[in-house]
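Take a look at the sequence and the structure below. Then follow the text from the fold to the side chains.

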Amino acid sequence: MLKFDHVSKRYEGGDAILDINFHLQPGEMVFLTGHSGAGKSTVLKLAAAIEQPTHGQIQLDGQNLSKLTEAQIPYLRRKMGLIFQDYKLLQDRTVFDNVALPMIVAGYSYQDIAKRVRAALDKVALLGKEHKYPHALSGGEQQRVGIARAVVNKPALILADEPTGNLDPELSTEIMRLFTQFTQVGVTILIATHDIDLINRMGQRVIKLHQGRLVKE
Amino acid sequence: MVKDKAPLPKKTGVHGVTMQPGLNSKLHAYLDAHAHALFSSLGRLTRAPAAFMMTVLVLAISMALSSSFYLMVKNFQQLTGNVEATNQISVFLKATVTAAKASALQEQLKLDPLVESVQLITPEQALAEFTANSGYGEAVNTLEQNPLPTVLLVLPKNALEDERGVQTLQSQLESLPEVDLAKSELQWVKRLRAIISLAKRTVFLLSLLFGFAVLLIIGNTIRLELQSRREEVQITQLVGATHAFIRRPFLYTGFWLGFLASIAAWFIVTVFLLFLRQPVQQLSEQYTGQFNLVFLDYAETLSLIGIASALGVLGAWWVLSSQLQALKPV
Ligand SMILES: Nc1ncnc2c1ncn2[C@@H]1O[C@H](COP(=O)(O)OP(=O)(O)O)[C@@H](O)[C@H]1O
Ligand SMILES: [Mg+2]
């Protein structure tokens, strides 16, 4: 589903990641771990075509990302759900509108959208808050809005950057259970986190980065 | 607007259902999205009413100025319109020429191949007309003798096409012993025409300039709007929005600015003209009374609105095409 082949990314300050190789199978749930600055976010940005690799190839669902044209990228993004460390919610839109955004962008009708948005909000236990604005929510609630937005489109791949960073252990477990459900229907999930407890509890495949290099699978 | 198309092969979703919405519902959603962008962009504009009003007014003033210049020329042009028919040579006869001699001359001139027709105006007719039309009737009555000469109005053949012919005729007429003065009106018609074509060209250039100003103002407004919504644009791109989708609300914003400003400009121009109407009427009565103030007609009003709206969309498009690339998410 997602394959990194000798991928490096160099910023002006130096190499963020160096010669990374891994391959995720459909339906797999994988944790990407390492200290702050190890390159976890960079891996996710490369996979989402937000950044371009300096070296190497990235294959997503049989597509070489470096061969994509600018116009193809939106359609690639519609196949994935992105969860960001800083949530990236629209502050002047309600929870409902935020979660609906990927579906509006993809051109779904309002009926479809309303149904799916409610279902997604239900899954992250936010059904009562759909008319609230993000600033009226706690960090954990905003995080869950971001998660609902990532799953509303039924993506084939979920890329999550510290999705449980602001959640208490119970909620984290809830979200992980949700992700596990997704993997059962074939969704591939890559989760960047430094929450060792969570990783140990889940007992899934782990990719460990250290200073931009892959140190342990 | 660029229609969404799917360059990636359609994938069947992991849940066994198609991930793409159906064509019919997609079309509906597309129209919905347009309607939504149309009204939400207006709503967004009115959320900052002061800035919005100011922008629209600046635009409206630019448009009103160029429309006013246009109308000025159009009104002025009416004058030549009335003049074209009187493209004749006025031949003033010497005071010594008797009435009989004058009509003999009239008959003689009618035979000239360069002449279309000749009209004789006796001093009595001229005085009567002057008394009736000038408003100086009282003063005229105190005159002891008629000061007006006999006049032959000679209409040349092909007066408008054949300027040389008219000039030849004019000098011929002037050299006749009975003639005191032969005055062609063509000279000042020509001048007036030249002035009007100059004015028209000036109006055209000014309109280009004002149009460019409108483009810049709208472009700048859109640029600021784009900057203040930078994050929204980036997030929307991250969840799979095409450039067409991102552009849409901004293009509608440009449309609204141009459209509303043109309506405001129309009101400004109309109010202007209403103020001018009465003095123009009075002035006109002093002369022939044939001059009427003309307003923008339907076609002109529609073109004002159409051009302004198009400039709005164009200004927005212009900024978007240069700025959207810089707004890629990071
Ligand atoms: N846009 C950027 N420009 C320059 N350096 C960057 C940029 N993004 C990340 N980096 C650097 O790349 C390295 C890896 O960063 P990141 O992938 O964010 O790590 P992590 O998510 O594991 O904390 C860090 O040293 C960071 O400073
Ligand atoms: Mg990070």
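A residue is called buried if its relative accessible area is under 20%, exposed if over 50%, and partly exposed in between, using a 1.4 Å probe and protein chains only. By that rule, A:Lys88 is buried, because its relative accessible area is 18%.

First, the ground rules. This is a predicted model, in which local features need pLDDT of at least 70, side-chain atom pairs count only at pLDDT 80 or more, and totals for chains, interfaces and linings use all residues. Residues are numbered from 1 along each chain as its sequence is written, chains are lettered from A and ligands numbered from 1 in the order in which they are written, and side-chain values use heavy atoms, with hydrogens and water left out.

Start with chain B. It holds 10 helices and four strands. Helices here are DSSP runs of H or I with at least four residues, strands are runs of E with at least two, and both are numbered from the N terminus. From that end, the order in chain B is α-α-β-α-β-α-α-β-α-β-α-α-α-α. Chain B has 330 residues, and 39% of them are buried. Now take its contacts, meaning heavy atoms within 4.5 Å. Among those between residues at least 6 apart in the sequence of chain B, 82% join residues at least 24 apart.

Accessible areas come from the Shrake-Rupley method with a 1.4 Å probe, and for residues only the protein chains shown count as cover. Chain B has an accessible surface of about 19100 Å², and carbon and sulfur atoms account for 64% of that. B:Leu57, B:Ile61 and B:Leu65 make a nonpolar patch of about 250 Å². Patch residues have over 30% relative accessible area and no salt bridge; like charges are joined within 9 Å, and nonpolar side chains (Val, Leu, Ile, Met, Phe, Trp, Tyr) within 5 Å. B:Ile61 sits in helix α2 of chain B, residues 49-83. Its relative accessibility is 46%, so B:Ile61 counts as partly exposed.

Which charged side chains meet in salt bridges? The search finds 14 salt bridges over all chains. Each is a side-chain nitrogen of Lys or Arg within 4 Å of a carboxyl oxygen of Asp or Glu. In one of them, A:Glu28 meets A:Arg205, with the closest N and O atoms 2.9 Å apart. This pair links distant parts of the chain, 177 residues apart: A:Glu28 is in the loop between β2 (14-24) and β3 (29-33), and A:Arg205 is in strand β9 (residues 205-210). Another joins A:Lys79 and A:Asp61 at 3.4 Å, N to O. A:Lys79 lies in the loop between α2 and β6 of chain A and A:Asp61 in the loop between β4 (55-60) and β5 (63-64), so the pair ties together parts 18 residues apart in sequence. A:Lys79 is buried, at 13%, whereas A:Asp61 is partly exposed, at 25%.

One is B:Trp266 with B:Phe267: edge-to-face, 5.2 Å centre to centre, 90° between the planes. Rings of Phe, Tyr and Trp (its six-membered ring) pair if their centres lie within 6.5 Å; planes under 30 degrees apart count as stacked, over 60 as edge-to-face and the rest as tilted. B:Phe255, B:Trp256 and B:Phe259 form one aromatic cluster.
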